[in-house]
Amino acid sequence: MIKIVLGKIMESLVALTMISVALLGSPGPVPIALAGAGASFGVRKGIPFLIGILFGLSFVVIASVAGITALISKSEIIANTLFIFSISYLGYVAWKIANSPINSTTEKTRIPTGRDGFILNLTNPKAYAAITAILSSFSLSIEPLSLALVTTGGVILAVALFVDTFWLIAGSALSPLFSNARFGRPLRILFALTMIIVVAFSVWSTMS
C-alpha cells in the first residue's frame, strides 16, 4: 500500500516537474530578458537580476495559492491598472537591454538589478498564467493540503532556478557577439524587440 502511494506521488512529481519545465522554460519575457542580460553583462553581473526574478516568481506562487490573483481579476479597474503597469515595465526592461552599452564596464548603472528582476516577474502576465495552469492541473497526493501546496511551490521554484540559470548562461555564450562594435547594438535591439513580441503574444494568449 505504501509503495502504491509513493509511486503515485513520484509520478505526480515527475509530471509536475515536466509541465513546469515546459511552461517556465519556454521563451517568454523572463527567459529573453535573462538571455539578454547574460549576453550584455555576463553571468556574474546577471546573478542579482536572476535572484530578483526568482523572488518575484515566489510572490506570484504565493499570490496564486492564496487566491489573490483571482480576486484581482474580478476587479476590472485593478486588473487594467496592473495590466498597463506590467506592459510599461516590461517595455522599460526591453529598452534597458536595447540601450545597454557595448562595453558594459563603462556604465554599471544600466545593469539590470535584483529590483528589476523582481518587478519583471511580478508584472509578467506569462508567470501568472503558467502558475495558475500548473496549480489547476496538478494535485499532489500528499496530505495535508498545505503540505501539497508547499511541495508544489517548491518544485516550481526549483525548476525556475534551473531553467532561468540556463537562459542566463546561454545568453552569456553570445557575449562575444554582443561586445562586437558592429553587431552589439543590432543584437541588443533584436533581443528587446523579441521580448516585446513575446510579451504581446503572452498577453494575447491570456486574453483569448
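Q: How do the axes of H3 and H8 cross, and within what distance do they come?
A: In this predicted model, the axes of helix H3 (residues 43-66) and H8 come within 10 Å and cross at roughly 155 degrees. That makes H3 roughly antiparallel to H8, since angles over 145 degrees count that way.

Q: And is that crossing left-handed or right-handed?
A: Right-handed, as H3 passes H8.

Q: Which residues make the contact?
A: From H3 you have Val43, Gly46, Ile47, Leu50, Ile53, Leu54, Leu57, Ser58, Val61 and Val65. H8 brings Leu149, Gly153, Ile156, Leu157, Ala160, Leu161, Asp164, Thr165, Leu168, Ile169 and Ser172 to the contact.

Q: How many of those are nonpolar, polar and charged?
A: The contact of H3 with H8 has 15 nonpolar residues, five polar ones and one charged one.

Q: OK, over to H2. At what angle does H2 cross H8?
A: At roughly 40 degrees, with the axes of H2 (residues 29-41) and H8 (residues 145-172) coming within 6 Å. H2 and H8 are therefore oblique to each other, because only angles under 35 degrees would count as roughly parallel.

Q: What's the handedness there, and which residues meet?
A: The H2 and H8 crossing is right-handed. On the H2 side, the residues are Val30, Pro31, Leu34, Ala35, Ala37, Gly38 and Ala39. They meet Asp164, Trp167, Leu168, Gly171 and Ser172 in H8.

Q: How does that contact split by class?
A: Between H2 and H8 there are eight nonpolar, three polar and one charged residues.

Q: So what about H2 against H3, how are their axes arranged?
A: Those axes come within 8 Å and cross at roughly 165 degrees. H2 is therefore roughly antiparallel to H3, and H2 passes H3 in a right-handed crossing.

Q: Let's zoom out. How many helices and strands are in the protein chain?
A: There are 10 helices and zero strands. From the N terminus on, the elements run α-α-α-α-α-α-α-α-α-α.

Q: How much of the chain counts as buried?
A: That would be 41% of the 208 residues.

Q: What share of the contacts is between residues 24 or more positions apart?
A: Such pairs account for 84% of the contacts with a separation of 6 or more in the protein chain.

Q: Is Thr194 buried or partly exposed?
A: Thr194 counts as partly exposed because its relative accessibility is 29%.

Q: How far is Pro27 from Trp167?
A: C-alpha to C-alpha, Pro27 and Trp167 are 9.4 Å apart in space, and they are 140 residues apart in sequence. Trp167 is also among the H8 residues that meet H2.

How values were computed:
Residues numbered from 1 in each chain as written. Predicted model: local features only at pLDDT ≥ 70, side-chain atom pairs only at ≥ 80, totals over all residues. Heavy atoms only, no water. Axes fitted to C-alpha atoms, helices over the stretch in contact; angles between N-to-C directions. Helix = DSSP H or I, 4+ residues; strand = E, 2+ residues; numbered from the N terminus. Parallel < 35°, antiparallel > 145°, perpendicular 65-115°, else oblique. Left-handed = near helix turned anticlockwise from the far one by under 90°. Contact = heavy atoms within 4.5 Å. Nonpolar A, V, L, I, M, F, W, Y, C, P; charged D, E, K, R; others polar. Buried < 20%, exposed > 50% of the residue type's maximum accessible area, 1.4 Å probe, protein only.
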